[in-house]
Amino acid sequence: MKKLLSLLGIISCAISLTLSANELKVGDKAPNFKLQATNGDFYQLSDYQGKQAIVLAWYPMANTRGCTIECKSLTEKGHLIRKYDVSYFMASVDPLDDNRDFAEKTGADFPMLSDPTKAAAKAYNVLNFAGVASRVTFYIDKAGMIIKIDEDISPRTAAEDMAENLKILGVSLL
């Protein structure tokens, strides 16, 4: 049993080192993505370069408790975010139809992106051991650079927290 635990510890460290080598950090160029949203349109990060900042909020799974609370926060208090020169999205690895259902149930008035191939989630290093995205929000400036990575998300106050982060990061008001 001790040998098995020791081997598992070594494997865990190796996996952790591999993940750390791929981890994005503030100052890195954000990986480009082209994902379809619940409104049927495709959104590509590079289309915003030089034009507008982006907030990309990854969430684990449509129609789950925490994700529903976060989405409702962004829907009910999105006006706080829309004061800034920014486009914001929620993104998951859910199929598009699941996200459409989720957006309809929550009244989402912003694009919710689907990444069923998990390619973007892997590029952003948010894919977790369960095969879904971890709850992580990326703040990306007009130049396409990551200016903040927030892993301490409170679903209930997500909109207020995003607006406060945008203020602190100096994102322009409209």
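**Close-up views of the predicted model**

**View 1. Aromatic cluster.** Phe33, Trp58, Tyr124 and Phe138 together make up one aromatic cluster in this predicted model. The structure as a whole contains 7 aromatic pairs.

**View 2. Lys34 and the ring of Phe42.** The charged end of Lys34 is placed over the Phe42 ring, at 5.8 Å from the ring centre.

**View 3. The largest nonpolar core.** This core comprises 25 residues. Phe33, Leu56, Trp58, Leu113, Tyr124, Val126 and Phe138 have the most contacts inside it. Two or more core residues come from each of strand 1 (34-37), strand 3 (53-58), strand 4 (86-92), helix 5 (119-123) and strand 6 (136-140). A separate, second core has 24 residues, among them Cys71, Ile81, Ala103 and Ala163. In soluble globular proteins, nonpolar side chains tend to be buried together.

**View 4. Surroundings of Val126.** Leaving aside residues up to four places away in sequence, Val126 is in contact with Trp58, Ala121, Val132, Ala133, Ser134, Val136 and Phe138. Of these partners, Trp58 and Phe138 are also members of the aromatic cluster.

**View 5. The largest cavity.** The volume of the largest cavity is about 60 Å³. Its lining consists of Glu70, Thr137, Tyr139, Asp150, Asp152, Ile153, Ser154, Ala158, Asp161, Met162 and Asn165. At least two lining residues come from each of strand 6 and helix 6 (158-168). Helix 6 gives the largest share of this lining, 4 residues.

Key: Residues are numbered from 1 along each chain as its sequence is written. This is a predicted model: local features need pLDDT of at least 70, side-chain atom pairs count only at pLDDT 80 or more; totals for chains, interfaces and linings use all residues. Side-chain values use heavy atoms; hydrogens and water are left out. Rings of Phe, Tyr and Trp (its six-membered ring) pair if their centres lie within 6.5 Å; planes under 30 degrees apart count as stacked, over 60 as edge-to-face and the rest as tilted. A charge sits over a ring if NZ of Lys or CZ of Arg is within 6 Å of the ring centre and within 35 degrees of the ring normal. A nonpolar core is a set of buried Ala, Val, Leu, Ile, Met, Phe, Trp, Tyr and Cys residues joined through side-chain atoms within 4.5 Å. Buried means under 20% relative accessible area, exposed over 50%, partly exposed in between (1.4 Å probe, protein chains only). Contact means heavy atoms within 4.5 Å. On a 1 Å grid over the protein atoms alone, a cavity is a set of points where a 1.4 Å probe fits but cannot get out, and a pocket is an open set with protein on both sides within 12 Å along at least five of seven lines; lining residues have an atom within 4 Å of a point. Grid points are joined across faces, edges and corners, and a volume is the space filled by probe spheres set on the points.
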